[in-house]
Amino acid sequence: MRLENSELRAFRAVIEEGGFRRAAEALHISQSAVSQAVAGLEGKLGVPLIQRGKELRLTDAGRRLFDHAFEVLTGEQQTLEDIAQLRSGQAETLNLALSASVNRFHAPGLMSSFHRENSRVRLQVAEMPARNIIYAVLAGNVELGFGPFQKDMQAFATLPLYSDSRHLVVSPGHPRFEAMVEGNAEAIRQTPLITSALDSPDLRPSIARLRDQFSTVWEVSSLMLRVHMVRQGMGVAFVDRQLLSEHPDCADFHIIDDVSFGTIDKQVGIYYRTGKQLTDAARQFIALCQRRWSL
């Protein structure tokens with residue numbers, strides 16, 4: 001089974017334009033062609049995608065397919081724009097996603113060095129939670145990911161650059177601070193874990209065991225906001241060793257090291273989809289990182 005981009009384009013237009021007729025006008029094709037494309041998708045997938053009526057509503061399957069269509073077609077448009085720029089003599093784009101810690105400690109120096117050596121290359125650099133970087137690279141929305149590796153990276157070509165560790169920390173401002181520093185598991189289970197993102201336990205069963213150690217999980221993408229929330233005693237968080245040692249707002253954080261899950265060792269580096277033909281800009285950035293870490 002293959003989902004054609006023409007079908008996805010018609011389906012996406014129906015939702016974004018608010019109807020089959022408007023989608024046909026936007027795409028400059030007949031309304032019957034739009035209807036056939038959507039019906040073809042529903043036939044291939046074996047589920048309805050749109051609830052017809054006075055207002056079009058996506059089914060659960062339709063919402064999932066819409067997300068897929070958006071990612072695929074956005075990547076296609078970006079590729080066409082890049083090729084058009086190359087055809088007109090403009091430089092290509094370095095499309096890169098970084099984790100918060102990489103962005104804080106390494107990105108400023110790397111970007112300065114890269115720009116000095118490749119001043120004509122356009123930059124598209126985004127900070128994302130590590131999980132989101134993986135999805136963005138897989139979807140083709142970014143070319144390179146730079147962050148911690150997951151256990152299963154079979155879909156990627158990887159370049160390990162350095163090792164790091166993250167530590168569970170609590171602030172003296174937390175109402176159960178004393179019990180936590182003694183490794184009291186029950187006190188920890190009564191407080192939220194503040195993290196950038198945490199995979200669903202359905203996707204990664206090991207996450208369920210970590211999630212179960214806390215009262216709930218708050219997903220906060222901003223690193224500095226997570227630090228602030230820990231300082232205010234709102235919960236606990238895993239923080240990089242380098243941030244603990246260098247950032248003044250973390251000076252009084254206490255590492256909870258009397259529990260088995262208190263430390264997470266990680267390998268950090270660059271990755272991209274296996275088999276992908278990298279742009280010259282991406283290869284130049286990888287070479288820069290190899291020199292920086294003397295690989």
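In the predicted model, the axes of helix H1 (residues 5-17) and helix H3 (residues 31-45) come within 8 Å and cross at roughly 110 degrees. H1 and H3 are therefore roughly perpendicular to each other (65 to 115 degrees). Glu7, Leu8, Ala10, Phe11 and Val14 of H1 meet Val34, Ala37, Val38, Gly40, Leu41 and Lys44 of H3, contact meaning heavy atoms within 4.5 Å. The residues of this contact comprise eight nonpolar, one polar and two charged, with Gly counted among the polar. Residues are numbered from 1 along each chain as its sequence is written. Local features need pLDDT of at least 70, side-chain atom pairs count only at pLDDT 80 or more, totals for chains, interfaces and linings use all residues, and side-chain values use heavy atoms, with hydrogens and water left out.

In helix H6 (residues 107-117), the buried residues are Ala107, Leu110, Met111, Ser113 and Phe114 (buried: under 20% relative accessible area, 1.4 Å probe, protein chains only). Seen down the axis of H6, these buried residues fall within an arc of 165 degrees, so they line one face of the helix. Their cover includes strand E3 (93-98), helix H5 (100-105), strand E4 (122-127), strand E5 (144-148) and helix H13 (280-292).

Six aromatic pairs are found in the whole structure (ring centres within 6.5 Å; edge-to-face, planes over 60 degrees apart). The rings of Phe114 and Phe285 have centres 6.0 Å apart and planes at 70 degrees, so this pair is edge-to-face. Phe114 in helix H6 and Phe285 in helix H13 are 171 residues apart, and both are buried. Phe156 and Tyr271 also form an edge-to-face pair, 5.1 Å centre to centre with 70 degrees between the planes.

Terms used: Axes fitted to C-alpha atoms, helices over the stretch in contact; angles between N-to-C directions. Helix = DSSP H or I, 4+ residues; strand = E, 2+ residues; numbered from the N terminus. Parallel < 35°, antiparallel > 145°, perpendicular 65-115°, else oblique. Buried < 20%, exposed > 50% of the residue type's maximum accessible area, 1.4 Å probe, protein only. Arc of directions from axis to C-beta. Phe/Tyr/Trp six-rings, centres within 6.5 Å; stacked < 30°, edge-to-face > 60°.
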